Amino acid sequence: MGESGDLSREELLTLLNIAGELATQTDQDQLVRTILEQACGMTNSPDGSVLLFDPEHKGLYFAAAVGSKGPELMLKWGVQSSQRVPLESNAGKAFSSGEINHEAKVREDESHYKGVDQQTGKQSRAIVSVPLRIGDRSVGVLQVLNKAASADGSATYDAHDCALLAHLGRLAATAINNTSVMRKLTAQMGLYSRELAEDLVERLDQPARRECLTLMFADLRGFTQLCQSQSAEPGRTQDIMNDLFTMYADRVLSRGGIVNKFIGDAVFAIFRGKDAPKRAVRCAFDILERFNSLRRRWDESCNEDLSFLDVGVGISTGTVALGTFGTGMVRDFTAIGTSVNLASAFEFAARGGKRVLVDNTTYQAVQDITEEFEGPTTFEIIKAGQPVAVKYRHFHLKRLKADRPVRVFISHNHRDREFVEAAITAPLAKYGIETWYSNSDIIPGEKYIQRIEDGLLKCDWVAVLVTENSVQTGDWVRAEVNTALGDPRFRDRVVPLKKGSAMPAQISHELGQLNALDLSSVSDVGQTLYEFLTKRETELRTAAKPG
């Protein structure tokens, strides 16, 4: 099985043509769809998928899926979802072993991961899982499912199917690896975004074009003093900067921006589209809130008082030149223009209690979400060689109106995972709310609390599922709850979800003092939680207004 001798000359020529087609594709999303189309066509399979490995969550996600449940799989188990197919599944076994995993009677296989079937409501009959290998390393898995009956009535995958898929898998793995490398290279060039901007990639070798963008600079205040105070432990400064850059990138990407550069201890981000100013301003306040949590973490891990650290943000909106600048092999993709310089100047001036400064154009676009501000104030820039200063109007933004939560941390016991995925994470995704949670319990040990803090740093709210499981064997749930309640950012933003007879106080006395949502009489947990979070966020923002 899997040898060239098993295939006809025509089939080998077909694979050769496919190899040529795959080699020309640079868009990974289109590439995996092409691979899947070929695999399903070769094996007469109505259902199929390409799953890629997520090293952060140690699981597989759906990069492409076809069939009646394909769109649902992409929504619930795609790259943007927090759900991952575990490596103990059939697909995971193929990924880990490097061997084709052929299950002809899936329903009878106790090792088959039922989570996907349960959420989509469609039972898998037969599956062939083919590892996508580069040398001795797997990058993902190609799956075909539920082969349609042929003329002779046969509807089972045979050795010939597996041979075809094995060859296609090798071609696919190489092509996927090449597009992954390209994504990394474009990110290094300044195109680090959640969704690869294909129109920008196509412009890498073209002259720069003018485009109206919102530009944002965010910079750490007190970096020089930090280096001096941590001079005896340079690794400590590096850890702080890694935390900071990770937070910068997460916040920019979560608001649909492009991380263009890290400059010293600052980030330069680009936002495109008609709602770019709002997303940039929301991102700025996200950064301020997360920074406060980071600074608290840093304070707890060193002797020095790090209260001198702060962040300043400058934002400007206008038409700039966007494209690749340079010559020969030394090129840089970025934006150049007056608005870039203005955003940089605002960032430098954002000090002394002024943390977010924006130009007039940005302010006019975000008035409806701005709750407290100062301005307009005249801002002068004197350019080199020009004796007269150029004057601009700018605003100091202090507070925004309530925004719905972007991401919710789900604290739960691993035995309740299926309920969490079916009743909470998938429904919330339909409302545009992401979730963060661990598919398995975090094992106490090195960096145990830091892993929890890293997850919390990405989130706006914490939902704690209170069940008999989380009460009886809930040391990790208690650790998550205690860590969240110890962060002032989550004050009033932790909500217990009571399922069954267990009580929140059995997990934590502090948790027991909070108002819980009783799920016993709730028909749609996701909708109820979404409405609660949205309403409560507005109430908290209103109550926090000065005066």
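**Sheets, helix packing and a buried asparagine**

In this predicted model, five strands form an open sheet in the order S15-S14-S16-S17-S18, with parallel pairing. Its edge strands are S15 (434–436) and S18 (517–518), each of which pairs on one side only. Helices and strands here are DSSP runs numbered from the N terminus, with at least four residues (H or I) for a helix and at least two (E) for a strand, and two strands pair if DSSP finds at least two bridges between them. Residues are numbered from 1 along each chain as its sequence is written, and side-chain values use heavy atoms, with hydrogens and water left out. Local features need pLDDT of at least 70 and side-chain atom pairs count only at pLDDT 80 or more, whereas totals for chains, interfaces and linings use all residues.

Within this parallel sheet, strand S14 (residues 407–411) is joined to S15 by 3 bridges, and phenylalanine 409 has tryptophan 436 in S15 as its bridge partner. Helix H16 (residues 475–485) lies across S14, strand S16 (461–466) and strand S17 (494–498), and runs at about 140 degrees to S14. Angles of this kind run from 0 to 180 degrees between N-to-C directions, the axes being lines fitted to C-alpha atoms, for helices over the stretch in contact; contact itself means heavy atoms within 4.5 Å.

A helix pair comes next. Helix H13 (residues 417–430) packs against helix H18 (residues 525–543) at an angle of about 50 degrees, and their axes are 8 Å apart. H13 and H18 are therefore oblique to each other, since angles under 35 degrees count as roughly parallel, over 145 as roughly antiparallel, 65 to 115 as roughly perpendicular and the rest as oblique. Their crossing is right-handed, which describes a near helix turned clockwise from the far one by less than a right angle, anticlockwise being left-handed. On the H13 side Phe419, Ala423, Ile424, Pro427 and Leu428 take part, and they meet Val525, Gly526, Leu529 and Tyr530 in H18. Sorted by class, the contact of H13 with H18 has 8 nonpolar, 1 polar and no charged residues, where Ala, Val, Leu, Ile, Met, Phe, Trp, Tyr, Cys and Pro count as nonpolar, Asp, Glu, Lys and Arg as charged, and the others, Gly among them, as polar.

A further open sheet of 5 strands has antiparallel pairing and the order S2-S1-S5-S4-S3. Strand S2 (59–66) and strand S3 (101–103) stand at its edges with a single partner strand each, so one side of each is left without a neighbour in the sheet. From one strand to the next, the twist averages 20 degrees. Strand S1 (residues 47–54) pairs with S2 in the antiparallel sense over 7 bridges, and leucine 51 finds its bridge partner in S2 at phenylalanine 62. Helix H4 (residues 90–97) lies across S1, S2, S3, strand S4 (127–134) and strand S5 (137–145), and its direction is at about 145 degrees to S5.

Helix H2 (residues 28–43) and helix H6 (residues 159–189) also pack, at an angle of about 175 degrees and with their axes 10 Å apart, which makes H2 roughly antiparallel to H6. Among the residues that make the contact are Leu31, Val32, Ile35 and Met42 of H2, together with Leu164, Leu165, Leu168 and Ile176 of H6. By class, this contact of H2 with H6 has 11 nonpolar, 5 polar and 3 charged residues.

Strand S11 (residues 356–359) is covered on both faces: Val356 and Val358 on one side, and Leu357 and Asp359 on the other, are all buried, a term that means under 20% relative accessible area, with exposed over 50% and partly exposed in between (1.4 Å probe, protein chains only). Strand S9 (residues 310–327) runs parallel to S11 and is joined to S11 by 3 bridges, with valine 356 in S11 as the bridge partner of valine 313. Strand S13 (residues 390–400) pairs with S11 in the antiparallel sense, again over 3 bridges, and histidine 396 in S13 is the bridge partner of leucine 357.

Asparagine 260, in strand S7 (residues 258–263), is buried, with a relative accessible area of 5%. Leaving aside neighbours within four places in sequence, asparagine 260 is in contact with Gly190, Phe268, Ala269, Ile270, Phe333 and Thr334. Tyrosine 192 is 68 residues away from asparagine 260 in sequence, yet the two are 6.5 Å apart in space, C-alpha to C-alpha.

Taken as a whole, the protein has 18 helices and 18 strands, and 52% of its 547 residues count as buried. Among its contacts between residues at least 6 apart in sequence, 69% join residues at least 24 apart.
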